[in-house]
Amino acid sequence: MKFLHSKSSLLVKFIFGILFIMLIPFICLLAVTQIRTQEMEQESARTYLSANLATVSGSIDGILTNVEKFYVPMLIDNDFNNTVKNLSPYIERDLYQDFQDSNLIRDTLLTTAITNNYIDSIYVYSCPADRLFSSKVSWNPLFHHYKRNNTGWLDAYYTKEKESNWLLTSSAEDDKPILTSYREMKDHQTLFGILSINIDAVEIAHQLKNVTPDTESTCFMTDTQLNMICASETGKKESSIYQTVLKAVPSQENPDFFSVKVHGEKMFVFSLVSGETDFRYFIVTPASSINSVSSTVSSLLRWYFFWIFLLIVLFILLAAFLFFRPIKRLIEGMRAVQGGDFDARLPHASSYEIDYINEHFNSMTENLQILICENYEQQISRKNAEIQNILNQLNEHFLYNTLDSIRWMARLEDAHKTSDMVLALAKFYRINLSFGQAFITISQLVEMLESYLMLQKIHMENQFTYTLNCDEALLNRKVLRYLFQPIIENSLVHGRDGSREVLDLQITLEISNGQFHFCVRDNGAGISPQMIQQIYQSLTDDSSCSMEHFALKMIHKQLQLEYHLTETLLIDSQLGSYCQVEFYIPLSELEEAI
């Protein structure tokens, strides 16, 4: 059973394949169904609660708009306005006149207040007298010298936004929450009084209670300064909900519907802004109360998923039973071959597919036996070649020693020219053969070329001169040793045309634009353009077996194979004037000698 634990086994792949093909689409369907069900429930709840919010908003806006109509009788009452404007400060009052004025103000406020059940109180503040009157209070010494810091009512007036009609503040009598609407009393743009109609916030809270769909949900409203009226008493949980929602509103792209988390519980928030009063109404309801249907659907789908998974497991067990024995037998045969037993064979099977595999396994092991025998013979041949290579190196060493002995014998016989030739020949072969190594340093290359040119000068009786320039930065780089001497030899052989007594060679090894540049230029007979074209064609013609331009063709092949060049030899010439052969190798291709 060990192979069952391997991730690469056929059975494991089969199991994962079945799970992927059957379970993954079902899981995706489960997720999509749940998400779509939740979206539908949320959209339904949003439509229902938005309609409720619109209803309560319209109801509250209607109440407030209706109450605002009662400003008109007071603001057009000249006696009332003149009394507020001409009222004396309390300490400067005339007792009888102040009694009459105070009674007129209180009567006006009280008469207006009792005409509507939603009006809790009406305030009027006389700016010149610094006195406050309330429809609910007959006499209060605190109102005789009324300052801004006495209550939130006057402070809310001074801090309110200009366009705000209604604000939530506190009453002057007992600091209870009230909704207040302010009207300024002016005489030729001079403010002499502030009039306000106040509604008990509890009455508005009763309106909000009708919106919540269940006991888990809560509803509240805020004015433009984010003061709140809540449908229920504010406990610790409700306070956390209100603070979390109000903090989240400014950062929402769609503040009409969004979600927040309060103490780890997801809550949906629906909101609506009144166009009449600028109040924003909120309903906050737990996600669990909205997604109740989707939870039921998810539960049913999970049960369905469980039964599907059980059927898949049974199917996998059946498949494992049907395929286990032949697969196990095949694995045992492969392990036997892996251990070196190439005589292992598998028996014939009853099923066509398994029998086909067994036959090909047997054929494979037979072929492996044949290949091993052939490989063994090749290794023996390779060993023989290595031994022959060692013998060749011994022969090269013998050649160097023999040439060195001839050189010293020539010295002893005063044949210095012969001695120099033998020394140059020894150096040339020592570097050129390089004990079977293909690559030599450019320093060794320069030494080999100097030896070759010295031999040619003696052989040609000084019929040419040469200059060999090498960049010192290149001396430690390694190059292929076959590329250079044939080009120089071609120049010496084909450059002389009899018109010049001495042929001049210029040999350059340099760094040019980040590349190694080798160039041989002579002032000899030159080559015609037709001949240059023939040379280029010969270099690229792999089908030709001609020995013509053989050396250049071999250099071209070596540059392609070793340095991966597409453009190899470059030839430039003019008949009777000069001939130049060069090539470039990227400097990165030349290794440095260790």
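**Burial and overall make-up**

I started with burial: 40% of the 594 residues of the protein chain count as buried. I'm working from a predicted model, so I keep that in mind for everything below. Next I counted secondary structure and got 15 helices and 17 strands in the chain. Then I checked contacts with a separation of 6 or more, and 61% of these are between residues 24 or more positions apart.

**The nonpolar cores**

I went looking for the largest nonpolar core and found 43 residues in it. Phe80, Leu109, Val124, Leu179, Leu195 and Ile229 have the most contacts inside this core. Helix α1, residues 10–68, gives the largest share of the core, seven residues. There is also a second, separate core of 42 residues, with Met448, Phe484, Ile555 and Leu569 among them. As background for myself, nonpolar side chains in soluble globular proteins tend to be buried together.

Leaving out neighbours within four places in sequence, Leu109 is in contact with Met74, Phe80, Ile122, Val124, Phe133, Ser134, Ser135 and Leu195. Phe80, Val124 and Leu195 are also on the list of residues with the most contacts inside the core.

**Valine 84**

Which helix holds valine 84? I found valine 84 in α3, residues 78–86. Its relative accessibility is 1%, so I put valine 84 down as buried. Beyond four places in sequence, valine 84 touches Ile105, Val124, Tyr125, Ser126, Met185, Phe192 and Gly193.

**Alanine 201**

Alanine 201 sits in helix α6, which covers residues 201–209. Buried or exposed, I asked of alanine 201? Alanine 201 is buried, because its relative accessible area is 6% and the cut-off is under 20%. Not counting residues up to four places away, alanine 201 touches Leu168, Pro177, Ile178 and Ile229. Ile229 is a name I had already noted among the residues with the most contacts in the largest core. I also took the C-alpha distance from alanine 201 to serine 170, 31 residues away along the chain, and got 9.5 Å.

**Two positive phi values**

I then looked at backbone angles. Most residues other than glycine have a negative phi. Aspartate 130 has a positive phi of about 55° and is not a glycine. I placed aspartate 130 in the loop between β1 (119–126) and β2 (131–134). At 14% relative accessibility, aspartate 130 counts as buried.

Histidine 188 also has a positive phi, near 55°, and is likewise a residue other than glycine. I found histidine 188 in the loop between β4 (177–187) and β5 (190–200). Histidine 188 is exposed, because its relative accessible area is 73% and the cut-off for that is over 50%.

**The largest pocket**

The largest pocket came out at about 380 Å³. I counted 18 lining residues, and Asn490, His494, Ile527, Ile535 and Leu552 lie nearest the pocket's centre. Which helix gives the most to the lining? I got α13, with five residues. At least two lining residues each come from α13 (485–495), β15 (515–522), α14 (529–540), α15 (550–563) and β17.

**Glutamine 580**

I finished in strand β17, residues 578–586, which is where glutamine 580 is found. Strand β17 is one of the elements I had listed for the pocket lining. Glutamine 580 has 15% relative accessibility, so I count this residue as buried. What does the side chain of glutamine 580 make a polar contact with? The partner is the side chain of arginine 521, at 2.8 Å. Setting aside residues up to four places away, glutamine 580 touches Cys519, Val520, Arg521, Leu570, Ile571 and Asp572.

Methods. Residues numbered from 1 in each chain as written. Predicted model: local features only at pLDDT ≥ 70, side-chain atom pairs only at ≥ 80, totals over all residues. Heavy atoms only, no water. Helix = DSSP H or I, 4+ residues; strand = E, 2+ residues; numbered from the N terminus. Buried < 20%, exposed > 50% of the residue type's maximum accessible area, 1.4 Å probe, protein only. Polar contact = N/O pair within 3.5 Å; in protein donor to acceptor, adjacent residues only side chain to side chain. Contact = heavy atoms within 4.5 Å. 1 Å grid on protein atoms, 1.4 Å probe; cavity = no way out; pocket = protein on both sides within 12 Å on 5 of 7 lines; lining within 4 Å. Points joined across faces, edges and corners; volume = space filled by probe spheres on them. Core = buried A, V, L, I, M, F, W, Y, C linked by side-chain atoms within 4.5 Å.
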